[in-house]
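Hi everyone, thanks for coming. Please have a look at the sequence and the structure on the screen, and I will walk you through some of the packing.

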Amino acid sequence: MSRTSFATFGNELYSGKRSYPFVAKRNLWFLIAGIAVLISIVIPVVKGGFNLGIDFRGGSEFTISATENTEIAVGERAVTDVVPDAVPRVTNIAADTMRIQTERLSDDETLSVRDNLVTGYGVGEDQVTSSFVGPTWGEDVSRQALIGFGVFVVLAAILMGIYFRTWKMSLAAMTALVVVMVVTAGLYSLSDFEVTPSAIIGFLTILSYALYDTVVVFDKIRENTADIAISTKRTFAEQVNLAVNQTLVRSINTSVVAILPVASILFIGAFLLGAGTLQDLSLALFIGIILGTLGTIFIAAPLYAALRLGEPELRKQEKKVHNRRELEAASV
Amino acid sequence: MPRTGPGTAAKRTLVWLGVLTAFLAILLGSGSIWSTASWSPRLALDLEGGTQMILAPRVQGGSEITAEQLDQAVEIIRQRVDGSGVAEAEINTQSGQNVIVSLPGTPDPQTRDLIQASAQMEFRPVLAGGPGQAPAAETPTPEEDLPQPAAEPQNGSDPNWITPELYQEFEALNCLDPAALEPTEEPAPADQPMVACEPDTQGKYILGPVEVPGTDISTASYGLQRSPQGQALNTWAVTIDFNDEGTRIFRGVTERLFAFGQDDPRNQFAIVLDGRIVSAPRTNVVIPDGNPQITGNFTEESAAALAEQLKYGALPISFEIQSEQQISATLGADQLRLGLIAGLIGLLLVAAYSMFQYRLLGLVTIASLLVAGILTYLAICILGWTENYRLSLAGVAGLIVAIGQTADSFIVYFERIRDELRDGRGLITAVENGWRRAKRTVLASKAVNLLAALVLYFVAVGNVRGFAFTLGLTAIADLVVVFLFTHPVLRLLARTKFFGEGHPWSGLDPSRLGGIPLYRGAGRLREPGATVPVPAAAARTKNKGASAEAERRLTIAERRRAEQQKALAGRTGSTVIDRPGSTEKEINE
């Protein structure tokens with residue numbers, strides 16, 4: 001039953017029988033996006049930034065794997081015995097794994113804490129991994145990520161401009177992209193998810209995914225509007241809207257297919273592995289894929305239509321379409 | 001006679017894919033037999049466990065290290081580690097005092113020594129060679145024509161330093177080979193000549209023994225060049241300030257080098273750092289005061305960089321390993337196992353969804369994903385062998401994420417075929433037309449993916465690179481698979497009875513897709529003007545506003561379509577219209 005209706009759904013979208021007003025109601029979508037962006041900017045300011053991971057703050061980290069004892073207090077004592085004024089963060093990140101994060105410790109302090117942990121948790125020396133993170137690492141990663149973001153946006157805008165032969169598509173796509181990035185960042189700040197270098201990788205991948213999704217939809221728009229000048233069947237805005245509707249099934253299928261593996265990482269990460277590269281990455285992607293798909297449909301495509309509607313030729317074409325419709329309506 | 005046509009072409013393409021896969025497999029297989037290749041990918045620190053070293057910089061003379069010097073030290077170690085071909089090494093500073101180096105696996109003694117050694121900066125006179133001579137000589141000079149030293153060399157610029165062996169080494173040196181540019185800790189004894197590359201100009205040189213060691217530099221600076229009248233010119237220059245000892249020796253050296261004509265390579269001296277030539281300026285004047293000024297095609301950045309390197313040569317920093325730590329391999333193995341489980345679950349979910357959406361056509365998705373997987377796996381193993389590429393956890397995540405993006409190419413393609421079917425085309429034509437359109441979209445969108453991967457790879461640091469690498473690799477694998485596997489397979493399937501006649505389970509059933517072919521073979525013609533089998537009433541109740549709008553817009557169009565179809569039915573032959581939303585139909589087969 002569900003399949004038949006899904007196929008019918010696709011057919012109706014294709015023929016135009018069923019149509020969602022993505023372009024017509026664009027001001028509503030833009031308003032929603034604008035509010036979301038505003039909130040996303042205000043939240044970090046009000047909350048005082050993001051929940052930065054140890055890689056950005058710098059500090060020492062100990063990981064005890066395969067331990068039966070998962071008492072938080074043991075880890076805290078192990079640190080405070082050595083450095084009385086330290087404020088360790090002890091987390092049971094997975095069933096048998098403890099993580100202890102503190103400010104940076106000296107080598108001697110590290111060794112003492114290590115010993116305390118070995119005796120406290122009753123584990124072998126080889127089950128305790130310790131590491132230190134200096135403050136430069138996170139800065140390095142975020143600076144490079146920002147440079148990467150800038151370079152990618154410029155290059156992708158040029159690439160799209162050349163491929164689609166119009167800068168308006170580039171502008172619409174990049175605007176949607178920036179909205180997606182800002183809102184993703186806002187969600188991170190709002191939900192207090194930890195920002196780690198892995199999450200930054202995730203953000204950068206969203207760039208790729210969101211733009212990829214936009215290019216697929218824009219290619220259909222290009223196809224539908226290729227001979228708009230000589231056609232009086234639909235106005236430009238209607239053709240764009242039809243393209244978005246025609247690719248809607250693809251958009252749904254693609255985002256589902258893209259999200260399934262990411263969701264499985266997220267699930268495995270959350271329940272079996274504990275916080276780490278995989279989970280941070282997949283969380284950013286999970287949010288980004290959903291927002292990226294929505295961004296294409298509700299922002300990029302309507303914005304492109306809006307950018308071009310003012311063109312004199314398209315205005316003329318629109319008039320012709322209306323004239324023809326009126327004529328035909330009168331002759332019936 | 002061989003039958004020609006799309007079917008044969010499709011088979012031929014599949015054979016090429018087989019050849020490509022077999023080639024990669026044989027390459028890897030022979031590599032594993034005769035070389036160091038392995039059938040499993042090489043793993044990075046976080047998956048394999050590895051070594052983390054904490055290094056304390058030691059400045060010669062025992063003075064305190066400044067933050068600036070520490071940054072330089074990190075930069076030098078980074079260059080050395082990257083140059084020695086270790087991937088995903090992470091180098092951080094800790095508490096403004098130490099440098100932490102994380103290396104996958106256990107570093108060999110050479111790498112360890114290289115990391116600890118102080119940078120060797122030295123000034124050597126040029127004996128032969130010049131810029132732009134990077135590649136190895138194509139025809140080595142015959143044995144009897146090789147330069148033969150006639151006497152013991154008298155000074156640093158004496159051509160008698162060039163022995164036949166040294167000259168052969170010079171000719172064989174290929175400065176385009178990254179291996180030749182690897183920093184070396186002890187390039188050559190100070191009192192011996194050497195060959196060296198200058199990466200910036202692709203130059204290749206024979207150099208005499210060390211004339212001035214880098215420790216004789218007091219400091220170095222850069223600025224705009226001044227004319228003899230003291231006006232600032234528009235060119236950048238780097239000024240070296242030698243100490244007394246350096247000043248004395250350098251005066252002697254420049255006197256000797258200046259005597260050679262400007263066209264003689266021996267007029268140049270080379271500034272060598274870690275066995276690589278940083279710069280090889282000409283000697284335009286004798287320098288009596290120990291303040292040589294280097295000019296040339298400097299930008300502000302390159303002048304600053306050279307001055308920085310010269311300053312570093314003035315203060316060689318060596319490193320002492322403070323502590324070294326193995327990261328538990330069991331933790332890495334755990335991460336890898338769970339990563340693979342996540343990937344497998346993801347793959348199964350994608351397979352299930354494809355089957356749900358596309359019925360048996362979903363099998364093509366699954367097969368395509370498997371082929372892409374095999375190609376990617378082979379590529380990763382081969383790159384692990386030839387480029388020392390190591391798969392990190394971020395890389396594994398990249399692979400898992402890529403499942404979705406790869407499957408999307410097939411979705412785009414299948415949806416285009418369905419669109420063609422909805423227009424009433426037969427499957428064989430639908431596959432060809434759909435492919436023509438999908439191809440463009442797939443190429444454009446994969447270009448975006450590749451661009452993102454490239455930018456990430458070149459801009460990012462640390463393990464972002466591993467992630468970007470797998471993303472790029474899978475994008476390429478995806479393109480290969482779509483072109484060489486998915487499309488030919490669909491071409492062949494379109495000719496089978498099951499798919500060609502649109503079996504309800506094929507996922508390409510025209511009646512389900514709302515398209516009824518005009519001509520179904522065997523002389524059965526569809527009644528022109530027959531409406532698509534979507535009950536208008538049902539659509540109206542489901543989506544009142546939209547269908548009302550559709551009717552308003554489409555009644556006229558549909559009327560026209562019916563008229564056109566009537567006209568079309570009267571014609572013979574076929575018209576192929578390649579416009580979306582076109583009202584005309586094509587009669588195929």
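Let me begin with axes: these are lines fitted to C-alpha atoms, for helices over the stretch in contact, and angles run from 0 to 180 degrees between N-to-C directions. Helices (H or I, at least four residues) and strands (E, at least two) are DSSP runs, numbered from the N terminus. What you see is a predicted model, where local features need pLDDT of at least 70, side-chain atom pairs count only at pLDDT 80 or more, and totals for chains, interfaces and linings use all residues. Residues are numbered from 1 along each chain as its sequence is written, while chains are lettered from A and ligands numbered from 1 in the order in which they are written.

Now, the two chains. Chain A has 12 helices and six strands, and chain B has 15 helices and 13 strands. How much of each chain is buried? A residue is buried if 20 or more other C-beta atoms lie within 10 Å of its own, exposed if 12 or fewer, and partly exposed in between, with C-beta atoms placed from the backbone. On that count, 52% of the 332 residues of chain A are buried, and in chain B buried residues make up 45% of 589.

Contacts come next: two residues are in contact if their C-beta atoms, placed from the backbone, lie within 7 Å. Taking contacts with a separation of 6 or more, residues 24 or more positions apart account for 78% in chain A and for 72% in chain B.

Let's go to where the chains meet. The axes of helix 8 of chain A and helix 11 (residues 427-459) of chain B come within 9 Å and cross at roughly 155°. Angles under 35 degrees count as roughly parallel, over 145 as roughly antiparallel, 65 to 115 as roughly perpendicular and the rest as oblique. So helix 8 of chain A is roughly antiparallel to helix 11 of chain B. The crossing is right-handed; a crossing is left-handed if the near helix is turned anticlockwise from the far one by less than a right angle, and right-handed if clockwise. From helix 8 of chain A, the residues taking part include A:L204, A:L211 and A:E223, and from helix 11 of chain B they include B:R437, B:A444 and B:L456. By class, this contact has 10 nonpolar, four polar and four charged residues. Here Ala, Val, Leu, Ile, Met, Phe, Trp, Tyr, Cys and Pro count as nonpolar, Asp, Glu, Lys and Arg as charged, and the others, Gly among them, as polar.

Helix 8 (residues 197-224) of chain A also meets helix 10 (residues 393-422) of chain B: their axes come within 12 Å and cross at roughly 10°. That makes these two helices roughly parallel. A:S198, A:I201, A:T205, A:Y212 and A:V216 in helix 8 of chain A meet B:A394, B:V401, B:Q405 and B:V412 in helix 10 of chain B. In this contact there are six nonpolar, three polar and no charged residues.

Within chain A, helix 2 (residues 26-47) and helix 7 (residues 167-191) pack at an angle of about 40°, with their axes 8 Å apart. They are therefore oblique to each other, and their crossing is left-handed. Among the residues in the contact are A:A33 and A:I41 of helix 2 of chain A, and A:V179 and A:G186 of helix 7 of chain A.

What about the interior? Helix 9 (residues 236-246) of chain A is mostly covered, with 11 of its 11 residues buried. One of those is A:V240. In the largest nonpolar core, of 138 residues, A:V240, A:A301 and B:A397 touch the most other members. A nonpolar core, by the way, is a set of buried Ala, Val, Leu, Ile, Met, Phe, Trp, Tyr and Cys residues joined through C-beta atoms within 7 Å.

Finally, some loops. A:Q127 sits in the loop between helix 5 (107-121) and strand 5 (128-133) of chain A. Is A:Q127 buried or exposed? A:Q127 is buried, because 20 other C-beta atoms lie within 10 Å.

A:R165 has a positive phi of about 60° without being a glycine, and A:R165 is exposed, with 9 other C-beta atoms within 10 Å.
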